[in-house]
Amino acid sequence: MAAEIVNPKEGLGEDVIDPAFALHRGGKMAVTSTVPVRDADDLSLAYTPGVAKVCSAIAEQPELVHDYTWKSQVVAVVTDGSAVLGLGDIGPEASLPVMEGKAILFKQFGGVDAVPIALDCREVDDLVETVVRLAPSFGGINLEDISAPRCFEVERKLKERLDIPVFHDDQHGTAIVTLAALRNAAQLRGRQIGTLRAVISGAGAAGVAIAKILVEAGIGDVAVCDRKGIVSADRGDLTDVKRDLAGFTNKAGLSGSLESALDGADVFIGVSGGTVPESAVASMGPDSFIFAMANPNPEIHPEVARKYASVVATGRSDYPNQINNVLAFPGVFAGALQVRASEITEGMKIAAAEALAAVVADELSADRVIPSPFDERVAPAVTAAVAAAARAEGVARR
């Protein structure tokens, strides 16, 4: 198959074969069968008349759908294309390469089948209603690249209406991996997470979820900053989501800018983009941790961060300590599907973070507070921890 010919340097007359286009031609996925259809006997079992027996049994006992179809092994990867990677609002069709990529990561790293579904609707209720109507075909729903603040309401309403796991990875996957890395950074430096004061730059999907999981995990204090500064209860311009956020963060009652919040802080977590002045980085407390996760340009360049912090993490694969969601979502769903969980709870997310941290707990260094996505220990550890937590919290159905 011929590779796509593109010109990345317009006007320079330099046509090259771009490997990204070559790889994507025809898509990155295909559907394959798990049973043979070699002759009339096979056909009569896989389709009519044999299939009718299975359909009738499921009609009489709906729970059998988990045993005799792929439902309990497959996740829908759902987006509206409104907040894709670093590309923003590019629409459903343009989002499909990313959703296909997500689906193959589910399979590669968690053994979970996934189907990309890009929806041509934007209203919260339209998105929710569409997913609810699709849900009988799936064992779980992974929401992906839906812009804030709509993503919060979409997830909340789906969780209310569905009895299968609903998980917005931009929120919770990022939060799980961040907590795992922070636990190990603290352990490496002999510190307790309950003594740390963190500052999060970004009050969107990831920032809110990270704040929630850090508070659940017992962080000493955390302040979240948006474009206007620290999210605090005394601000009159807060959305409902940020008002709720102000209610469980910022115990110190700080107000003002991100730079002022960083003065003496132990942890910086960036999920916003932009650039943090070096003077503000220098004002952080001793032995600090910097997780600057914006891609492709971290909020604090790693070379600057290393001048002041004892542990540095980014969202990039070309620096140590990559905070990568692929460390979380395959195992989280694999564990939830394994026990037919009705939802993914905060306890299951905490368990996933603890299991992820434990994978490299005996190998810690400043450049290794989180495993590589290719560490084969990751998915089994997260899967087992999530399944056990689901049973402990009473949301497992087998």
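Predicted model: local features only at pLDDT ≥ 70, side-chain atom pairs only at ≥ 80, totals over all residues.
An open sheet of six strands has the order S9-S8-S7-S10-S11-S12, with mixed pairing. Its edges are taken by strand S9 (229–230) and strand S12 (309–314); each has a single partner strand, so one side of each is left without a neighbour in the sheet. Within the sheet, strand S10 (residues 267–270) and strand S11 (residues 288–292) run parallel and are joined by four bridges. In this pairing Phe268 stands opposite Ile290 of S11. Strand S11 pairs with S12 as well, in the parallel sense and over five bridges, and here Phe289 is set opposite Val311 of S12.

Strand S11 is itself buried along its length: five of its five residues are buried, so the strand is largely enclosed by the rest of the structure. In a regular strand the side chains alternate between the two faces of the sheet. Accordingly, Ser288, Ile290 and Ala292 point one way from S11, whereas Phe289 and Phe291 point the other way.

Helix H8 (residues 169–188) lies across S10, S11 and S12 and runs at about 155° to S11. Helix H9 (residues 205–216) touches strand S7 (197–201), strand S8 (221–226) and S10, and its direction makes about 165° with that of S7.

A further open sheet consists of four strands in the order S4-S3-S5-S6, and its pairing is parallel. The edge strands are strand S4 (113–118) and S6, each of which pairs on one side only. From one strand to the next, the twist averages 25°. Strand S3 (residues 74–79) is joined to strand S5 (residues 140–143) by four bridges, and the two run parallel; Val78 stands opposite Leu143 of S5. Helix H5 (residues 91–110) lies across S3, S4 and S5, at about 170° to S4.

Aromatic contacts provide a link between strand S6 and helix H14. Four aromatic pairs are found in a search of the whole structure. In one of them, the ring centres of Phe167 and Phe333 are 5.7 Å apart and the planes stand at 80°, so the pair is edge-to-face. Phe167 lies in strand S6 (residues 166–168) and Phe333 in helix H14, so this pair ties together parts that are 166 residues apart in sequence. Phe167 is buried, with a relative accessible area of 0%, and the value for Phe333, likewise buried, is 0%. Ring pairs link Phe106, Phe167, Phe329 and Phe333 into a cluster. The charged end of Lys102 sits over the ring of Phe329, at 4.0 Å from its centre.

How many of the residues of helix H14 are buried? Nine of the 10 residues of H14 (residues 329–338) are, so the helix is largely enclosed by the rest of the structure. The buried residues are Phe329, Pro330, Gly331, Val332, Phe333, Ala334, Gly335, Ala336 and Leu337. Arg340, which follows H14, has a positive phi, near 50°.

Other backbone features occur in loops. Most residues other than glycine have a negative phi, and most peptide bonds are trans. Asp145, although not a glycine, has a positive phi of about 55°; Asp145 is in the loop between S5 and helix H7 and is buried, with a relative accessible area of 4%. That loop also holds Pro149, whose peptide bond from Ala148 is cis, with omega near 0°. A cis peptide bond also joins Asn295 and Pro296, with omega about 0°, and Pro296 is in the loop between S11 and helix H13 (302–308). Asn250, not a glycine either, has a positive phi of about 55°. Asn250 is found in the loop between helix H10 (240–248) and helix H11 (258–262) and is buried, with a relative accessible area of 8%.

Note on methods: Residues numbered from 1 in each chain as written. Heavy atoms only, no water. Buried < 20%, exposed > 50% of the residue type's maximum accessible area, 1.4 Å probe, protein only. Pairing = 2+ DSSP bridges. Contact = heavy atoms within 4.5 Å. Axes fitted to C-alpha atoms, helices over the stretch in contact; angles between N-to-C directions. Phe/Tyr/Trp six-rings, centres within 6.5 Å; stacked < 30°, edge-to-face > 60°. Lys NZ or Arg CZ within 6 Å of the ring centre and 35° of its normal.
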